[in-house]
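Subject: Structure handover

Hello,

Here is the structure I promised to pass on. Please open it first, then read the notes below it.

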Amino acid sequence: MENDQTCAVTLNRKKPFRSRLPIFVTSGPISIWMIIFVMLPLIYILFISFMTRTVYGGIEYTFTLDNYKEMLQPVYLKVLWKSLKLAFLTTVICLLFGYPLAYWIASKPSKLAAKLLMLVMIPYWTSSLVRLYSINLLAMPNGFISLMLLKLHIISEPLDILYSDGIVLFGLLTAMLPFSVLPLYSSIEKMDKSLIEASKDLGANSLVTFRRVTIPQTMPGIVGCILLVFIPSLGMYYVPEMLGGGKVMLVGTLIKNQFLVTKNWPFGASLAIMLILITLAMLWIYTRVGKLDDLEVC
């Protein structure tokens, strides 16, 4: 009898593990991958952000807050302000162009809408470096844009738009526009169209219907668009690196220079932590407004 009871207890103990075995098999590898290649590097970056840089570019393991205090210097605040300004402009323009495009695509039949979304993603079939090189060639003083405007007698001398904030903004727009269309389309496609019809039946005009019915229903997609455009635009470094020519310094370029050029890893790590905190703040705002399900289309 005692042996039977012991066997029953053993089986009861083993049964929960066997029932959880499929979960361990499916989620175990990705969890290990995330811990090794995401969590541990982030913890290390957070750790060295409180350390001190040696004279020869190494890391001295002495706790300090000077790296975070250094970010308050005017030269770095100016870089942060320019990064926030360009990221904000990129987000606003992508929202202004992406919302009508997403609304138009959502109004089409599902098969046609899928094809139109594919057209939106076609630029990403090529390397982003190739696209940036093409923009670089077009914006040169002897490039296609200047030559065409000169032939049309619109301008009297070649344009000097290369290595400027404007061309960097254009590069950010070309890179981020699809990321604004996709969450907006997901939110608009889920919208309850009967509420729009009810609003019109009650006498509301198109503007009032859009402001009081459409916008509230698609607000999760709008916030998702802001999230997916603003954060990458803020930390992107290769666009200002290639189109800015070293004259347009953004936070992403500054972080890259701290790690690879000046070898000031602690200060670069503190800048990276600042961007992570901004990202977490944006995610928290998004959870207050919408659901992450609206980003599944991405």
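The notes below go from the overall picture to single residues.

This is a predicted model; local features need pLDDT of at least 70 and side-chain atom pairs count only at pLDDT 80 or more, while totals for chains, interfaces and linings use all residues. Residues are numbered from 1 along each chain as its sequence is written, and side-chain values use heavy atoms, with hydrogens and water left out.

Overall picture

The protein has 13 helices and 2 strands. Both are DSSP runs numbered from the N terminus: helices are H or I with at least four residues, strands are E with at least two. Of the 298 residues, 36% are buried. Buried means under 20% relative accessible area, exposed over 50%, and partly exposed in between (1.4 Å probe, protein chains only).

Cores

The largest nonpolar core has 38 residues. Such a core is a set of buried Ala, Val, Leu, Ile, Met, Phe, Trp, Tyr and Cys residues joined through side-chain atoms within 4.5 Å. Six helices come up here: helix 3 (74-106), helix 4 (110-121), helix 5 (128-139), helix 7 (165-189), helix 10 (219-235) and helix 11 (238-243) each supply at least two of its residues. Helix 7 gives the most, with 12. Leu243 is among the residues with the most contacts inside this core. Beyond its neighbours within four places in sequence, Leu243 is in contact (heavy atoms within 4.5 Å) with residues including Leu132, Ile135, Leu162 and Val168. Apart from this core lies another, of 26 residues, among them Met71 and Ile273.

Cysteines

The structure holds 0 disulfides. The cut-off is a pair of cysteine sulfur atoms within 2.5 Å. Cys94 is in none; its nearest cysteine sulfur, that of Cys225, is 6.6 Å away. Cys94 counts as buried, at 1% relative accessibility. Cys225 is buried too, at 0%.

Backbone

Most residues other than glycine have a negative phi. His153 has a positive phi of about 60 degrees. His153 sits in the loop between helix 6 (144-151) and helix 7, and is exposed at 72% relative accessible area. Lys263 also has a positive phi of about 60 degrees. Its loop runs between helix 12 (251-260) and helix 13 (265-289). Lys263 is partly exposed, at 39%.

Best wishes
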